[in-house]
Amino acid sequence: MTESQETLSNLLQENRRFEPPAELAAAANVTASAYTEASADRLAFWEAAADRLTWAERWHTTLEWEAPFAKWFVGGKLNIAYNCVDRHVEAGNGDKVAFYWEGEPEGDSRVITYADLQKEVSKAANALTELGVGKGDRVAIYMPMIPELPVSLLACARIGAIHSVVFGGFSASALKSRIDDADAKLVITADGGFRRGAPSALKPTVDEAVAECPQIEKVLVVRRTGQDVAVTDKDVWWHDVVERQSDQHTPEPHDAEDPLYILYTSGTTGKPKGILHTTGGYLTQTAWTHNAVFDLKPDTDIYWCTADIGWVTGHSYIVYGPLANGATSVIYEGTPDTPHRGRFWEIVQKYKVTILYTAPTAIRTFMKWGDDIPAKFDMSSLRVLGSVGEPINPEAYVWYREHIGASRTPVVDTWWQTETGAIMISPLPGVTAGKPGAAMQPLPGIVADVVDDQGKSVPNGGGGFLVVREPWPSMLRGIWGDPERYKETYWSRFDGFYFPGDGAKRDDDGDLWLLGRVDDVMLVSGHNISTTEVESALVSHPKVAEAAVVGATDPVTGQAIVSFVILRGSAEEGGDIAAELRQHVAKVLGPIAKPRQIMVVPELPKTRSGKIMRRLLRDVAENRSLGDVTTLTDSSVMNLISEKLPSAKSED
Ligand code: 6R9
């Protein structure tokens, strides 16, 4: 094979290995035999996973597959809220804590048991019915991270209404377009939430959106901050309508393929896609993976996923998976630096958190803030750490394991998407010898592969496109209202395979490494180089906390690598840091991956869920005017970066 035919270069070598702790391995929920069982009979494996749930009626057909449309557990009936709440109360666990809720203002906390949750969800379900919401109706939810948010999701699920959660940081026009696309009839919101030490209003944004959405009949408003709000004739207060309801409600069984929710993902361009998830398969896989990947022991673990419920990670791993498993979870309303940069570790210490699930962007921020901050807290309760959202750079993985997990805890790097509904590729903490930066192997029951541009599997040591070869229970059932776009987006690139849009490599041992979006891959002198590998090489330098790289047009090499780096708290910008980092990358990955340009910046542009937005950095690198910045967490970041440009070092 000539170099120009290679699909994606494999440059990064990593030799560190972390065996599972013996104690964890000996008591693990899932052992290596799960892989052999699932490969011997995949459908029987998923049937056993579905049997962990309580069904009102058993399915007659495990899978109906008319590519690309899947139906799982056909004929089965169950109620998701019953599975997540009532059945635990019936089993005698009503006094068990479902959520330790921690508000951002210190001292503002609530403890919610499964019995409390059953009452709250029943009242909310009764209120939704009174407000005219029925099975199949769409409900838009635009809320801060308060207990009424999971209660609202579960109340919708209980009555068979379809929720569409819109992240509380989105604009009025983003909210309006999502209300319109799903044709929602009710909005659930709050006056505001607490963020960065101050009340942050939500209701005015809802008012602006709803003013242009005649299909919205009512807006149900939780009083959280006590801010002044304008009251419109559609508004009803949660404390008026929900509180007076009966706390008894009989859950109806729903069909396994009844819709559960829509969640919009923006993708890189165009109109947001309303990803549709259904009932039986979704709960089966979220519950199974939560039990397996985090080795959840519901009687003793305290589990904390730091995502916002507005993202799929919050749907699957704060609400549905953990509750189906009867877990005790922490929910935190606010930001990690309020009122101080040790807030997360203070929460771990306070609740004796045993399992922590967070994102690489957060881990790199903690690295930047310095090792001394987590060192001040007692985090000896932790036993499993998870990562999701972006590739985790090997150095960030090792830092996480060492400074948060005291070099004891396994780190599970979990790859999945809004579309996949649940974790697809991940180590198992009691089975896998982890490699920093690798998601390792598809979970039992998942058939994934890395292929070249012709759809042929690449050999060990090769890179290419990640695909999923067989349907899985929690897969998206389509894009709301647009089956053609569903086929085109996910099923047209490789015949018969699901294409998630990510690049990956299979290392010499056959383990998988995720290499970022294929749209971001750089073509340098005929080599396809992933942004992830160059970023990880930069982050492996002791002075670098975070890095983003993009390809910019270059007269000689086609594209050249341009890097943006944030230095660690302790590192000084002085000296010729650019030359030092360029040399370092050349040493780690080889001269082909040496960046043309390195810019030290104070911040990087991120989406509201914390993923680096390379598209905007490409505009900067190519001296173009900036594209759409409305999905940025903080649009002033781009000004900070542009101001730094004159000091950018360009060589070669
Ligand atoms: C769960 C979630 C999905 C995209 C996905 C990929 C990236 C997520 C990752 C990862 C490498 C991981 N991604 N987890 N890349 N390693 N462990 O993040 O869903 O917001 O839909 O994003 O995120 O590029 O395709 P979503």
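Visitor: Why is Arg195 called partly exposed?

Guide: This is a predicted model, and the values are computed from it. Arg195 has a relative accessible area of 39%. Buried requires under 20% and exposed requires over 50%, so 39% falls in between and Arg195 is partly exposed.

Visitor: Where does Arg195 lie, and what is it in contact with?

Guide: Arg195 lies in strand S9, residues 192-195. Leaving aside neighbours within four places in sequence, Arg195 is in contact with Glu104, Ser200, Glu333, Gly334 and Thr335.

Visitor: What makes Gly197 buried or exposed?

Guide: The relative accessible area of Gly197 is 59%. The cut-off for exposed is over 50%, so Gly197 counts as exposed. Gly197 is placed in the loop between S9 and strand S10 (198-201). With neighbours within four places in sequence left aside, Gly197 is in contact with Glu104 and Thr338.

Visitor: Which residues does the UniProt annotation "binding site" that includes Arg195 and Gly197 cover?

Guide: According to the unreviewed UniProt entry, that annotation covers Arg195, Arg196, Gly197, Ala198, Thr313 and Ser525.

Visitor: Why does His541 count as buried?

Guide: His541 has a relative accessibility of 7%. His541 is found in the loop between H17 and strand S28 (544-554). Not counting residues up to four places away in sequence, His541 touches Glu580, Leu581 and His584.

Visitor: What makes Val544 buried?

Guide: Val544 has a relative accessibility of 0%, and the cut-off is under 20%, so Val544 counts as buried. Val544 is found in strand S28. The residues in contact with Val544, leaving aside neighbours within four places in sequence, include Val539, Val565, Ile566 and Leu581.

Visitor: Why is H13 called roughly perpendicular to H15?

Guide: The axes of helix H13 (residues 360-369) and H15 come within 10 Å and cross at roughly 70 degrees. Angles of 65 to 115 degrees count as roughly perpendicular, so H13 is roughly perpendicular to H15.

Visitor: Which residues make that contact?

Guide: From H13 they are Ile363, Arg364, Phe366 and Met367, and from H15 they are Glu395, Ala396, Trp399 and Tyr400. The residues of this contact divide into six nonpolar, no polar and two charged.

Visitor: What makes helix H15 mostly covered?

Guide: Nine of the 11 residues of H15 (residues 394-404) are buried. Among them are Tyr397, Val398, Trp399 and Ile404. H15 is followed by Ala406, whose phi is positive, near 50 degrees.

Visitor: Why does Leu443 count as buried?

Guide: The relative accessibility of Leu443 is 2%, and buried means under 20%, so Leu443 counts as buried. Leu443 lies in the loop between S20 and S21. Its contacts, not counting residues up to four places away in sequence, include Tyr35, Thr289, Val293 and Ile423.

Visitor: What makes S21 and S25 the edge strands of their sheet?

Guide: The open sheet has four strands in the order S21-S22-S24-S25, with antiparallel pairing. Strand S21 (448-451) and strand S25 (512-517) each pair on one side only. Neighbouring strands of this sheet are turned by 40 degrees against each other on average, direction ignored.

Visitor: How do you know that S24 and S25 pair?

Guide: Strand S24 (residues 502-506) and S25 are joined in the antiparallel sense over four bridges. Pairing needs at least two bridges, so S24 and S25 qualify. Ala504 stands opposite Leu514 in S25.

Visitor: Which helix packs on the sheet?

Guide: Helix H17 (residues 531-539) packs on the sheet and touches S24 and S25. The direction of H17 makes about 105 degrees with that of S25.

Note on methods
Residues are numbered from 1 along each chain as its sequence is written. This is a predicted model: local features need pLDDT of at least 70, side-chain atom pairs count only at pLDDT 80 or more; totals for chains, interfaces and linings use all residues. Side-chain values use heavy atoms; hydrogens and water are left out. Helices (H or I, at least four residues) and strands (E, at least two) are DSSP runs, numbered from the N terminus. Axes are lines fitted to C-alpha atoms, for helices over the stretch in contact, and angles run from 0 to 180 degrees between N-to-C directions. Contact means heavy atoms within 4.5 Å. Buried means under 20% relative accessible area, exposed over 50%, partly exposed in between (1.4 Å probe, protein chains only). UniProt positions are given in the numbering used here, feature names are shortened, and annotations may be inferred rather than shown by experiment. Angles under 35 degrees count as roughly parallel, over 145 as roughly antiparallel, 65 to 115 as roughly perpendicular and the rest as oblique. Ala, Val, Leu, Ile, Met, Phe, Trp, Tyr, Cys and Pro count as nonpolar, Asp, Glu, Lys and Arg as charged, and the others, Gly among them, as polar.
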